[in-house]
Amino acid sequence: MSGYLVSDTRKVTTHRFIEMKQRGEKISMLTSYDFTTAGIVDGAGVDGILIGDSASNVMVGNSTTLPMTVEQMIYHAKAVVNGVKRALVVCDMPFGSYQVDRKEGVKNAIKIMKESGCDALKLEGGAEIIDTVKGILDAGIPVMGHLGLTPQSINKFGTYAVRAKEEAEAEKLMADARLLDEVGCFSVVLEKVPAKLAAEVTRELSVPTIGIGAGGATDGQILVVDDMLGMTKGFSPRFLRRYADLNTVMTDAIGQYVADVKDNTFPNENEAY
């Protein structure tokens, strides 16, 4: 396997994420939800792959991430793990799997790790869930934090707008970030927060920050793979850069296939036994 910019084919670990921050190397991450896509993403050289609970939106068509279950996340994570050789594989803990109490959170975390084979887990929130984060870390499971716009709390926020623009919320985000760093999280996702605040958090933490809609000063970036490849339509937040238009490519290819079947030019003699 050789990525476009990657000559080091060693498995990426949580420790290497921290080393990358220390030497000023930016960290690239994308989501994946299936074996085939994960293999392509990994082969292209990304450092980390997230099995996001965004599978709820992208793979199932739900309007929020809330319906995803532990079993569904394990299904997607196992498929991704089977396709990855190099990238660090992180799986989201879905809504309801860790918010109840520490004991249930640790139990679900162990279940996801054992049954999926992923490398680490991601949890949304700060002080409110810190006891559970500690429990999961104590069980020997690496944890990636997630602050700012936390989609599992969408019903509390009532909007997907930028978070932490007001001073009080910005101060809480900084405090939560420090807390996640102090207890031992190996990185923290910052989603849809002002670039200036994200830069301050990044300078403050000893572990890397991974931004999505958080400006260019974070230690790394993550996007939903279906969005950046242009498979999805009608979702165009400011932070999204589309690197391809696969929706058009796929539509044209499928349309041509339909036409070839209809006029009996597929299959031809060379495509028959």
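Begin with the largest pocket, which holds about 1,200 Å³ of space. A pocket here is an open set of points on a 1 Å grid over the protein atoms alone, where a 1.4 Å probe fits and protein lies on both sides within 12 Å along at least five of seven lines; lining residues have an atom within 4 Å of a point. Grid points are joined across faces, edges and corners, and the volume is the space filled by probe spheres set on the points. Select Ser28, Met29, Gln221, Leu223 and Tyr243: of the 47 lining residues, these are the closest to the centre of the largest pocket.

Before moving on, keep in mind that this is a predicted model, where local features need pLDDT of at least 70, side-chain atom pairs count only at pLDDT 80 or more, and totals for chains, interfaces and linings use all residues. Residues are numbered from 1 along each chain as its sequence is written, and side-chain values use heavy atoms, with hydrogens and water left out.

Now colour the lining of the largest pocket by class: 27 nonpolar, ten polar and ten charged residues. (Ala, Val, Leu, Ile, Met, Phe, Trp, Tyr, Cys and Pro count as nonpolar, Asp, Glu, Lys and Arg as charged, and the others, Gly among them, as polar.) Elements that each supply at least two residues to this lining include helix H1 (14-22), strand S1 (27-31) and strand S8 (220-223). Helices (H or I, at least four residues) and strands (E, at least two) are DSSP runs, numbered from the N terminus.

Next comes the second largest pocket, with a volume of about 610 Å³. Pick Ser54, Pro151, Glu191, Val224 and Phe235, the closest to its centre of the 29 residues that line the second largest pocket. Helix H3 (55-60), S6 and S8 each give two or more residues to that lining.

Switch to cartoon view for the barrel. Eight strands close it in the order S1-S2-S3-S4-S5-S6-S7-S8, with parallel pairing; two strands pair if DSSP finds at least two bridges between them. Val90 stands opposite Ala120 in S4.

Two backbone stops to finish. Lys192, in the loop between S6 and helix H9 (195-204), has a positive phi near 50 degrees. Finally, select Phe266 and Pro267: a cis peptide bond joins them, with omega about 0 degrees. Pro267 sits in the segment after helix H11 (246-262).
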